[in-house]
Amino acid sequence: MMPEALHQAPAAGALKRAPGTPRVLFACGGTGGHVYPAIAIADAIRARIPQAAIAFAGTKDRMEWEAVPKAGYAIHPITVSGFQRGLSPEALARNAAFPFKLAKGLWESLRLIGNFDPDVVVGTGGYASGPVGLAASLRGKKMVIQEQNAYAGATNKLLAPRADHVFLAFDAARAFFPEDTPATVAGNPVRQDLTEASATEAREHFGIPEGARVLLAMGGSLGAGPINGALKVHLKEVLASGETFVIWAAGKRYYQTLNAAVPAHERLKLVPYLDRMDLAYEAADLVLCRSGAITCSELAVTGTPSVLVPSPNVTADHQTKNARALADAGAAILLPEADLDARFDDDVIALLDAPDLLDQMRRKALAIARPDAADEIARAVIALAPPPGASGA
């Protein structure tokens, strides 16, 4: 458990403003796709101005409550709740409480902004961004929004008219914002360490034999059932050549069952999750995975060829739009979930046996990468803060 002190956002009086030292409040939450870009931008701000005062707003029951303090930043709790679709008793009960939680979250956000007194509020999506962004606007604070997907999220679309600048990961997202919105396509911020891994360290970490081709299969922290199911069926074929090594991150939801059902193999590393994604990308010749926005950006930045299986259970099928951006560039193969089993041999196993094509995909992935996204957004945030020598609270 994180020390409680790391979770508390400092009050304004605890952070004396030095000339040219910005205060930035990040609002994010729910998933890694919202949280990790915010952390990457915060790291980029701190790399430029080490004394910058940075805090986060999020929810206690979601991943940001652990991830943000681990990254070294304070986080303040905001009460948020999404509107539930459907007519089940549970959904109706939650929706009845929605207006009260929204009001409470807005009051908490107004109080936080009053206490912390940020120069700029940065919203990266998720429920927590809503009340914090609205509070920032009501208090006259500068606001920056970062949208990770080709299909813009509801919170970001609602806040965009109040924002000073919107940063997009995909040009296709422009269509979801008003024409007069100041918007820049900058890519998705990703962790700097992803591009600094050593190939030797990566192979040693996973126990990969010299000369082996590596398939990395993953489906997020919880796992993706269809990807796990297809790999389980075709695993014998994947390992048949004697030259392929498989790193299989099954996800916490599926690991125990798969670990009991899949025979151990010297060229198989089956794990519940990956805590060293930098080494996993460095080791992989090919990745089989979902096409969340941050995953797609990481694949591009690391120059990793991929077979992307979009989840059909997401808003407006936005994972297909993300995957198509890489596939159209020649950096990936888009494999619909419905075709996963039928096309597994042709789109996964055959690709592992095509080193020239993998090299070509690797070059095309790097060609569309935006490794400086975090720094570009950080520079814009800093530029919105008071200039050196300006007085502040």
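I take buried to mean under 20% relative accessible area, exposed over 50% and partly exposed in between, with a 1.4 Å probe and protein chains only. The model I looked at is predicted, so I keep to its thresholds: local features need pLDDT of at least 70, side-chain atom pairs count only at pLDDT 80 or more, and totals for chains, interfaces and linings use all residues. Residues are numbered from 1 along each chain as its sequence is written, and side-chain values use heavy atoms, with hydrogens and water left out.

**Lys 141**

I looked up Lys 141 in the loop between α5 (129-138) and β5, and because its relative accessibility is 19%, I count Lys 141 as buried. Taking contact as heavy atoms within 4.5 Å, I find that Lys 141 touches Ile 113, Asp 117, Pro 118, Ala 136 and Asp 164, residues up to four places away in sequence not being counted. I also noted Leu 384, which is 243 residues from Lys 141 in sequence but lies 9.9 Å from it in space, C-alpha to C-alpha.

**The sheet**

For elements I use DSSP runs numbered from the N terminus, helices being H or I of at least four residues and strands E of at least two; two strands pair if DSSP finds at least two bridges between them. On that basis I traced an open sheet of 7 strands in the order β3-β2-β1-β4-β5-β6-β7, with parallel pairing. β3 and β7 (183-185) stand at the edges with a single partner strand each, so one side of each has no neighbour in the sheet. Neighbouring strands are turned by 20° against each other on average, direction ignored, where axes are lines fitted to C-alpha atoms, for helices over the stretch in contact, and angles run from 0 to 180 degrees between N-to-C directions. Helix α15 (residues 373-384) lies across β1, β4 (120-123), β5 (142-147), β6 (165-168) and β7, and runs at about 165° to β5.

**Strand β2**

I then went through β2 (residues 53-58), where 6 of 6 residues are buried. Side chains in a regular strand alternate between the two faces of the sheet. Both faces of β2 are covered, with Ala 53, Ala 55 and Ala 57 buried on one side and Ile 54, Phe 56 and Gly 58 buried on the other. β2 is joined to β1 (residues 23-27) by 5 bridges, the two running parallel; Val 24 has Ile 54 as its bridge partner, and Ala 27 stands opposite Ala 57. The chain passes from β1 through helix α2 (residues 32-48) to β2 in a right-handed β-α-β crossover, right-handed meaning that, with the strands pointing away from the viewer, the path from the first strand over the helix to the second runs clockwise. On to β3 (residues 74-77), I found 4 bridges from β2, again with parallel strands, and His 76 as the partner of Ala 57. The crossover from β2 through helix α3 (residues 64-70) to β3 is right-handed.

Leu 299, Ala 300, Val 301 and Thr 302 of α11 meet Ala 365, Leu 366 and Ile 368 of α14. In α12 (residues 318-328), the buried residues are His 318, Gln 319, Thr 320, Asn 322, Ala 323 and Leu 326, and their cover includes α11, β12 (306-308), β13 (332-334) and α14.
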